Amino acid sequence: MTQQRNTPTLVSEGKMSATLKQYGEELAQVIHLNEQQKQKAFGMAIKLSRDTNLQNVSQNSLIAFCFEVARHNFIRDDALYPVPYKQGNIAVVQAQAGYKALKEETERSGKYRLVDAVVVKEVDKVGVDALTSYAKVVFEKDFIKRENSKVIGYYAFAIKRNERRPFISEFWTVEKVEAHRDRYSKKNQYGKFSPAWENNFDAMAMKTVFKSLGRKLDITPELESLIRLDQIVFDENGNPIYLDNPQTTKSTSGSLYVEALQTTPTSETKGEITQKEVVDEDKEIEEIVKYIENEKNK
């Protein structure tokens, strides 16, 4: 199925079904999908072909996204979701990792009592732990006062199980998040960032800070894959391109999609800690846990 550049086959349910029927089995063999993963890829591709937001994207791009997601046994079906991405004159698919997926994959390791990310308001107090240099936030307890306060930053943290110094955190100001977005995200011809940033800034900010926290955590292979695939763009031939995340090591699987979709493929192809310090930190951790639980129960 040779595609001319700049004239990609666009998505429709009928075309998607025909393509999967003709090439799906071979493609699943090329990238070594088991039967369950293959069915997940097929089902996802058919379902997304009905999505009106994806009607103008390259079909090969969407197929590559679906098969790549299916290769990984993420705990959530929506761990990665596709968004249209303009690449020259062609609309392709960009993968976006959801914050909840990052959080749940971290919890899946069983190494952490609690992991989360929250918005920090102007009335909250941001400090630094003297022994670890990690940020610590004391949240304003007056709900109304806090609700009406300006957002100043984003706070991600993890509390390890069975550790003497269990608390790890990351804090970014709004300005730091904006600088990161400006550096790694692409504006359209109207000077706007992607809908994810334009319409869901807080969610994208918390995801960004949580990913930064992930560098300090003991993470599972699934979480490592999720972080690696976040913001990957699949071009009209199915090649993965890290336009918004250039520090990520490029995958070699993209050529397999191109080969499978364009030819007939084959399957070969720090100091002592006192007891008082431990007790004091335990109290601070309990306060944070109580705050997060209270916020979720409102």
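Reader: I'd like to start with Lys-160: is Lys-160 buried or exposed?

Author: This is a predicted model, by the way. The cut-off for buried is under 20% relative accessible area. Lys-160 has 19%, so Lys-160 counts as buried.

Reader: And which residue forms a salt bridge with Lys-160?

Author: The general idea first: side chains of opposite charge can pair when their charged atoms come close. Here, Lys-160 forms a salt bridge with Asp-218, and the closest N and O atoms are 3.7 Å apart. Lys-160 belongs to strand β6 and Asp-218 to the loop between α8 (201-214) and α9, so this pair ties together parts 58 residues apart in sequence. Asp-218 is partly exposed, at 37% relative accessible area.

Reader: How many salt bridges does the whole structure have?

Author: A search of the whole structure turns up 12. One of them joins the side chains of Lys-38 and Glu-25, at 2.8 Å from N to O. That pair links distant parts of the chain, with Lys-38 in helix α2 (residues 35-48) and Glu-25 in helix α1 (residues 13-30), 13 residues apart. Lys-38 is buried at 8%, while Glu-25 is partly exposed at 38%.

Reader: What about Asp-230, which residue does it form a salt bridge with?

Author: Lys-207, with the closest N and O atoms 3.0 Å apart. Asp-230 sits in the loop between α9 and β8 and Lys-207 in helix α8, so the bridge ties together parts 23 residues apart in sequence. Asp-230 is buried at 0%, and Lys-207 is buried at 2%. Elsewhere, salt bridges that share partners join Glu-25, Glu-35 and Lys-38 into one network.

Reader: Let's turn to rings. How many aromatic pairs are there?

Author: The count is 8 aromatic pairs. Take Phe-157 and Phe-167: their ring centres are 6.0 Å apart and their planes meet at 20°, so they are stacked. The pair links distant parts of the chain, Phe-157 in strand β6 (residues 151-160) and Phe-167 in strand β7 (residues 167-173), 10 residues apart. Phe-157 is buried at 0%, and Phe-167 is buried at 3%. Together with Phe-139 and Tyr-155, Phe-157 and Phe-167 form one aromatic cluster.

Reader: Which charged end sits over the ring of Phe-167?

Author: That of Lys-136, 5.7 Å from the ring centre. Lys-38 turns up again too: its charged end sits over the ring of Phe-42, 6.0 Å from the centre.

Reader: Last one, the backbone. Where is Ser-133?

Author: In the loop between β4 (125-128) and β5 (135-138). Ser-133 has a positive phi of about 70°, although it is not a glycine. Ser-133 is exposed, at 55% relative accessible area.

Notes:
Residues are numbered from 1 along each chain as its sequence is written. This is a predicted model: local features need pLDDT of at least 70, side-chain atom pairs count only at pLDDT 80 or more; totals for chains, interfaces and linings use all residues. Side-chain values use heavy atoms; hydrogens and water are left out. Rings of Phe, Tyr and Trp (its six-membered ring) pair if their centres lie within 6.5 Å; planes under 30 degrees apart count as stacked, over 60 as edge-to-face and the rest as tilted. Helices (H or I, at least four residues) and strands (E, at least two) are DSSP runs, numbered from the N terminus. Buried means under 20% relative accessible area, exposed over 50%, partly exposed in between (1.4 Å probe, protein chains only). A charge sits over a ring if NZ of Lys or CZ of Arg is within 6 Å of the ring centre and within 35 degrees of the ring normal. A salt bridge is a side-chain nitrogen of Lys or Arg within 4 Å of a carboxyl oxygen of Asp or Glu.
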